[in-house]
Amino acid sequence: AGVVVLAVAAGLFWYIAKFVGPTPGPGPTNVPATNNGGPGTVTPTPTRELAYAIEVQKVRDGRDYEAPFTLSGEILFERDYKIRIQVTAREQGYLYILNEGENGPDGLPTFNLLFPSPTSNGGTASVSPNALIQIPARSWIVFDNAVGTEKVWLVWSVAAVPELEAVKYVANPQDRGAILKPEQLAAVRAFITAQAANKASVERIDNNPTDRRTVLRADGDVLVHVVPLAHN
């Protein structure tokens, strides 16, 4: 099963402690942690926030049927539905959207890059605070006739992600987002596998037809979430 087109590098922190002999004279040898900006200040880990919604258009006999509507999350989509994913980030950062496809000849998942692309945000992953990113930018995601579940990975990062920056060139009419070079595909797989356990918290907002979305929150400099799109 597949979509016509279509999760964050783990930070590694080293703490280096230097030990010196005691200084003669009275006074404490340890400075307690404070939150007032003085010695030993503990800086809270920032919480990142990303939101998405799914716009749905029903189709009957090859024609759009009824007005499109917005969902806060996922449902079991009919095969004659077509959808768009709308994403907003609370902060300036880098956004990448990928589709995990069927397994390749090596038995491992294939991946397509959906965002960024030349028709989405000018080909750059850098997004402004609260900017609306729509995937696809000018069309719809259309499900094929097979039953299955697509996995759409949302990746937001404070800094550009090298493994994903390296594959931006595949977002063109010829490659159609398919990551085919073995070394690049392996790097993307490793990146997503490493981040899959870092789950974001999920909050569904469903206030009214014009205020529906899923809000994701995670601590640190990266946020990753998989959106399952089940269809029959």
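Which residue takes a positive phi in the hairpin of S4 and S5? It is Gly 107, with phi near 85°, in a hairpin that has five residues between the strands.

Before I continue, a word on the source. This is a predicted model, in which local features need pLDDT of at least 70 and side-chain atom pairs count only at pLDDT 80 or more, while totals for chains, interfaces and linings use all residues. Residues are numbered from 1 along each chain as its sequence is written, and side-chain values use heavy atoms, with hydrogens and water left out.

Let me give the overall picture. The chain contains two helices and twelve strands; these are DSSP runs numbered from the N terminus, H or I of at least four residues for helices and E of at least two for strands. Read from the N terminus, the order of elements is β-β-β-β-β-β-β-β-β-α-α-β-β-β. Of the 232 residues, 38% are buried, where buried means under 20% relative accessible area, exposed means over 50%, and partly exposed lies in between, with a 1.4 Å probe and protein chains only. The chain exposes about 13,200 Å², and carbon and sulfur atoms supply 55% of that area; accessible areas come from the Shrake-Rupley method with a 1.4 Å probe, and for residues only the protein chains shown count as cover.

I turn now to strand S4, residues 93-103. Two strands are said to pair if DSSP finds at least two bridges between them. S4 pairs with S5, residues 109-115, in the antiparallel sense over five bridges, and Leu 98 has Leu 113 as its bridge partner in S5. S4 also pairs with S9, residues 148-157, again antiparallel, over seven bridges. With S6, residues 126-127, S4 runs antiparallel and is joined by two bridges; there Gly 93 stands opposite Val 127.

Which residue in S9 is the bridge partner of Tyr 94? It is Ser 157. Ser 157 counts as buried because its relative accessibility is 5%. Leaving aside neighbours within four places in sequence, Ser 157 is in contact with Gly 93, Tyr 94, Asp 221 and Val 222, contact being heavy atoms within 4.5 Å. A polar atom of the Ser 157 side chain also lies 2.6 Å from the backbone oxygen of Ala 159. A polar contact is a pair of N or O atoms within 3.5 Å; within protein, one must be able to donate a hydrogen and the other to accept it, and residues adjacent in sequence count only if both atoms are side-chain atoms.

The loop between S5 and S6 deserves a moment. Pro 116 lies in that loop, and a cis peptide bond joins Phe 115 to Pro 116, with omega about 5°. Asn 121 is in the loop between S5 and S6 as well. At 33% relative accessibility, Asn 121 counts as partly exposed. Its side chain reaches the backbone oxygen of Ser 126 at 2.7 Å, and a polar atom of the Asn 121 side chain lies 2.8 Å from the backbone oxygen of Thr 124. Beyond four places in sequence, Asn 121 is in contact with Phe 115, Ser 126, Val 127 and Ile 133. Asn 121 and Gln 134 are 13 residues apart in sequence, and their C-alpha atoms are 9.4 Å apart.

Further along, the peptide bond from Ile 135 to Pro 136 is cis, with omega near -10°. Pro 136 lies in the loop between S7, residues 133-135, and S8, residues 141-142.

Asn 130, in the loop between S6 and S7, has a positive phi of about 65° although it is not a glycine. Asn 130 is exposed, with a relative accessible area of 58%. Glu 66 has a positive phi of about 65° and is not a glycine either; Glu 66 lies in strand S2, residues 63-71, and is partly exposed at 48%.

Finally, the pair S10, residues 201-208, and S11, residues 211-219, is antiparallel over seven bridges. S10 and S11 form a hairpin with two residues between them, and Glu 203 has Val 215 as its bridge partner in S11.

Thank you for your attention.
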